[in-house]
Amino acid sequence: MAIFPLPGIRISGIASAVPRGVYHNRSYEYLSDKEKDLFIKTVGVAKRRVAPKGMTTSDLCEAAAIKLMHELGWDPADIEILVFVSQSRDYIIPATAGILQEKLGLPKSCMAYDISLGCSGYVYGLSTIGSQMHMAGIKKGLLMVGDVSTQTTGPRDKSTFPLFGDAGTVTALELDPRAAPMHFNLQTDGKGYKAIIIPDGGIRNLVTPESFTEEKITEGIERNRLQIALDGMEVFQFSLREVQPNIERLLQDAGKDLEDIDYFVLHQANRLMNESIRKKLRIPPEKCPYSMEEYGNTSSASIPLTISHAIRDVMQEGKTRLVLSGFGVGLSWGSVYLETEKVVCPEIIEI
Amino acid sequence: MYFCENSVKLMIDIHQFITSVEEEFEEMPKGVLTSESPLREHFTWDSINALIFIAHVNVNYNVEITAEDLINSTTVGDLYNIIKSKADSSSPSTVTVPS
């Protein structure tokens with residue numbers, strides 16, 4: 001089982017960037033007024049940020065990183081690892097991490113690579129970069145996580161179009177022997193790989209002229225094969241089934257009780273799902289911050305974006321004990337328990 | 001150590017179930033549903049309403065029902081019986097992710 005502690009790694013800073021453009025779901029003409037009311041109340045997304053054509057996840061991550069490194073007083077020359085977690089990379093080839101390494105002026109001695117994960121990506125990314133820093137004795141690293149999902153949602157697909165928003169984040173990590181160990185519980189069920197999928201454009205299904213043909217799946221759901229297909233019912237059932245036991249096992253392994261945790265920051269899937277998970281775990285509402293009402297489901301960025309949006313002041317002031325949990329596309333899910341102290345957490349940047 | 005009470009909450013009777021459903025769907029008039037009520041007259045199984053119902057049953061009774069369970073139930077009583085039989089059996093999972 002992928003349940004393990006990770007000692008000696010401290011989170012020094014978290015920053016998030018979003019596009020300036022706001023889309024209000026009230027103006028989505030493909031839903032009736034009654035459907036809009038139900039959607040905003042139940043799914044919980046009133047508005048979201050949308051990147052203009054050509055703005056990439058790495059552009060958002062870059063803006064966040066420049067701001068955060070400035071506030072931390074970090075010299076780019078000292079950064080020895082950059083990990084980019086996203087499912088909306090700049091190019092099919094090459095990896096985006098190298099492009100960011102160059103743009104940020106990091107040295108050639110810096111290792112940089114991509115990880116392709118979505119909703120669970122932040123937690124997985126923390127485990128990967130943290131483990132590598134711990135094993136290799138790397139002192140400073142940047143974890144850059146986010147997605148521009150709105151370029152790949154079908155405008156006439158009401159199951160995805162009003163749900164997703166765009167964001168890029170950066171988390172600064174440091175080697176610190178005094179840091180309390182993080183604890184991870186990471187899981188996968190590839191049987192559900194079709195539950196969230198863009199079918200064409202990879203090597204399995206190359207792009208053909210038919211890839212652009214819009215298909216009517218059901219009433220209110222029309223999309224082509226280069227746009228994301230979401231089996232909402234399947235993902236919902238999966239999340240209700242798997243997240244609670246994953247977090248319970250994590251807390252057991254970390255030797256913590258529910259009361260020991262200041263905040264449970266969950267992937268911002270949708271309000272109904274998150275509230276159901278919160279109630280199943282008997283977490284009081286004030287310990288479960290949200291960002292989806294303002295920013296939508298921001299895929300891999302949702303956990304750090306929620307920290308930037310909702311608990312930034314607390315993170316900057318003193319010590320916090322957090323459980324972060326991501327779940328979705330893959331199907332992939334994972335949680336981490338970690339302790340922080342005076343994390344540099346600037347206001348959300350708009351570009 | 002952390003323990004969450006995972007035990008299935010047994011539904012004592014259908015009236016309790018009906019009351020909890022009426023509370024969940026705020027806009028629904030109270031005291032109207034009976035075990036004989038046809039589900040389709042009271043609920044539209046569009047995706048969001050189905051998810052609300054599935055989440056309600058999962059959170060309150062720790063039972064996993066599917067969209068098919070909703071579609072296959074004619075009356076409120078039919079659905080209650082499905083939920084009760086799943087609650088009574090100890091099988092942890094009834095839904096599989098399609099491959």
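This section describes the sheets, local backbone features, salt bridges and chain interface of a predicted model.

Chain A holds an open sheet of six strands. The strand order is 6-5-7-8-2-17, and the pairing is mixed. Strand 6 (111-115) and strand 17 (349-350) of chain A form the edges, each pairing on one side only. Strand 6 of chain A runs parallel to strand 5 (residues 81-85) of chain A. Five bridges join these two strands. Within this pair, Val85(A) stands opposite Ile115(A), a residue of strand 6 of chain A.

Two helices of chain A pack on this sheet. Helix 4 (residues 121-136) of chain A touches strand 2 (9-18), strand 5, strand 6, strand 7 (140-147) and strand 8 (167-175) of chain A. The direction of helix 4 makes about 165 degrees with that of strand 7 of chain A. Helix 8 (residues 302-310) of chain A also packs on the sheet, with contacts to strand 2 and strand 8 of chain A. Its direction makes about 85 degrees with that of strand 2 of chain A.

Another open sheet in chain A is built from five strands. Here the order is 1-9-16-15-14, again with mixed pairing. The edge positions belong to strand 1 (2-6) and strand 14 (263-266) of chain A, each of which pairs on one side only. From one strand to the next, the twist averages 15 degrees. Strand 14 and strand 15 of chain A pair in the parallel sense, over four bridges. Tyr263(A) stands opposite Leu322(A), which belongs to strand 15 of chain A. Helix 4 of chain A packs on this sheet too. The strands touched are strand 1, strand 9 (182-188), strand 15 and strand 16 of chain A. Relative to strand 9 of chain A, the helix direction makes an angle of about 125 degrees.

A hairpin is formed by strand 11 and strand 12 of chain A, with two residues between them. Strand 11 (residues 215-218) and strand 12 (residues 221-223) of chain A are antiparallel and share three bridges. Thr218(A) stands opposite Ile221(A) of strand 12 of chain A. In the turn, Gly220(A) has a positive phi of about 90 degrees.

The peptide bond from Ile93(A) to Pro94(A) is cis, with omega near 5 degrees. Pro94(A) lies in the loop between strand 5 and helix 3 (96-103) of chain A. Gly330(A) and Leu331(A) are also joined by a cis peptide bond, and omega there is about -10 degrees. Leu331(A) sits in the loop between strand 15 (319-328) and strand 16 (332-341) of chain A. Arg282(A), a residue other than glycine, has a positive phi, near 55 degrees. The loop holding Arg282(A) runs between helix 6 (271-280) and helix 7 (292-295) of chain A.

Over all chains, the structure holds 24 salt bridges. One of them pairs the side chains of Lys47(A) and Glu294(A), at 3.9 Å from N to O. This pair links distant parts of the chain, 247 residues apart. Lys47(A) lies in strand 4 (residues 47-49) of chain A, and Glu294(A) lies in helix 7 of chain A.

Chain A and chain B share an interface. The contact takes 30 residues from chain A and 27 residues from chain B. About 2500 Å² of area is buried between the two chains. Carbon and sulfur atoms give 62% of that area. The count of salt bridges between chain B and chain A is one. In this bridge the side chain of Arg241(A) meets that of Glu64(B), at 2.8 Å from N to O. Three residue pairs are in polar contact across the interface. On the side of chain B that touches chain A, helix 3 (residues 47-61) of chain B gives the most, with nine residues. By class, this side of chain B has 15 nonpolar, eight polar and four charged residues.

Note on methods:
Residues numbered from 1 in each chain as written. Chains lettered and ligands numbered in written order. Predicted model: local features only at pLDDT ≥ 70, side-chain atom pairs only at ≥ 80, totals over all residues. Heavy atoms only, no water. Pairing = 2+ DSSP bridges. Contact = heavy atoms within 4.5 Å. Axes fitted to C-alpha atoms, helices over the stretch in contact; angles between N-to-C directions. Buried area = accessible area lost by both parts, 1.4 Å probe. Salt bridge = Lys/Arg side-chain N within 4 Å of Asp/Glu carboxyl O. Polar contact = N/O pair within 3.5 Å; in protein donor to acceptor, adjacent residues only side chain to side chain. Nonpolar A, V, L, I, M, F, W, Y, C, P; charged D, E, K, R; others polar.
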